[in-house]
Amino acid sequence: MTATLIWILVALVAIGLYLSWTAGRLDRLHARIDAARAALDAQLLRRASVTQELATSGVLDPAASIVLYEAAHAARQADEEHREVAESELSQALRAVFGEAGQVEIVREAPGGDEAANELAAAVRRVPMARRFHNDAVRAARALRRHRTVRWFRLAGHAPFPLAFEMDDEPPTALADRP
């Protein structure tokens, strides 16, 4: 009788430790999602800010300046449910304006243009990486949250189901190839 109780107690402790470890892992994944989302937001804001600075610098022709400024402004002002669309439109505007290397060279030849082109190229390259890190964290949390034990024991608590950030983040070829 005592041996049976000891084995039941050992099994309950093992199950409790497993559930605690799984809940801790899920909590760490949610923290990783939050950090990755903050980094993604920072990179998106940086890209929009650099684009706005370049659009208002007078280096580009007026049509390109207006297209870039409006797309960047819309991306910065978009609320959460329209953010992905606004950021995708900014990516499309950047590809439309900087689709050819000649436009980048025009920017580089202007006073202070080399620095602006390098900053924009860096911002454009960092957005896909930040989005990939965020979506990888979301994918890992979703996979763990799909497990039966997580659902049955409600180990996720009241945390919202993580959502990936889906947008068109393909950089213009003329900017993506810059060192």
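Predicted model: local features only at pLDDT ≥ 70, side-chain atom pairs only at ≥ 80, totals over all residues.

**Notebook: helices, a pocket and a few residues**

I began with proline 128, which sits in helix 5.

**Entry on proline 128.** Is proline 128 buried or exposed? I found a relative accessible area of 11% for proline 128, so it counts as buried, the cut-off being under 20%. Proline 128 and leucine 44 are 84 residues apart along the chain, and their C-alpha atoms are separated by 9.7 Å.

**Entry on leucine 94.** Next I turned to helix 3, where leucine 94 lies. Its relative accessibility is 1%, so I wrote leucine 94 down as buried. Which residues does leucine 94 contact, leaving aside neighbours within four places in sequence? I listed Arg47, Thr51, Leu68, Gly99, Leu120, Val124 and Pro172. I also checked leucine 94 against tyrosine 69: the two are 25 residues apart in sequence, and from C-alpha to C-alpha they are 10 Å apart in space.

**Entry on glutamine 103.** Helix 4 covers residues 101-109, and glutamine 103 is in it. Not counting residues up to four places away in sequence, glutamine 103 touches Leu60, Asp61, Val97 and Phe98.

**Entry on helix 4 and helix 5.** I stayed with helix 4 and looked at how it packs on helix 5, residues 113-145. The angle is about 135 degrees and the axes are 6 Å apart. I call the pair oblique, because only angles over 145 degrees count as roughly antiparallel and those from 65 to 115 as roughly perpendicular. Which residues make the contact? On the helix 4 side I noted Val104, Val107 and Arg108, and on the helix 5 side Gly113, Asp114 and Ala117. By class, the residues of this contact divide into three nonpolar, one polar and two charged.

**Entry on the largest pocket.** I then went looking for open space. The largest pocket has a volume of about 310 Å³. It is lined by 15 residues, and I marked Arg37, His134, Phe161, Pro162 and Leu163 as the closest to its centre. Which helix gives the most to the lining of the largest pocket? The answer is helix 1, with four residues. Helix 1 (2-56) and helix 3 (83-97) each supply at least two residues of the lining. Sorting the lining by class, I got eight nonpolar, two polar and five charged residues.

**Entry on alanine 42.** Back in helix 1, I stopped at alanine 42. Alanine 42 has 42% relative accessibility, so it counts as partly exposed. I compared its position with that of arginine 142: they are 100 residues apart in sequence and, C-alpha to C-alpha, 24 Å apart in space.

**Entry on arginine 154.** Arginine 154 has a positive phi of about 50 degrees although it is not a glycine. Where is arginine 154? I placed it in the loop between helix 6 (148-152) and helix 7 (173-176). Arginine 154 has a relative accessible area of 69%, so I logged it as exposed, the cut-off being over 50%.

Conventions. Residues numbered from 1 in each chain as written. Heavy atoms only, no water. 1 Å grid on protein atoms, 1.4 Å probe; cavity = no way out; pocket = protein on both sides within 12 Å on 5 of 7 lines; lining within 4 Å. Points joined across faces, edges and corners; volume = space filled by probe spheres on them. Nonpolar A, V, L, I, M, F, W, Y, C, P; charged D, E, K, R; others polar. Contact = heavy atoms within 4.5 Å. Axes fitted to C-alpha atoms, helices over the stretch in contact; angles between N-to-C directions. Parallel < 35°, antiparallel > 145°, perpendicular 65-115°, else oblique. Buried < 20%, exposed > 50% of the residue type's maximum accessible area, 1.4 Å probe, protein only.
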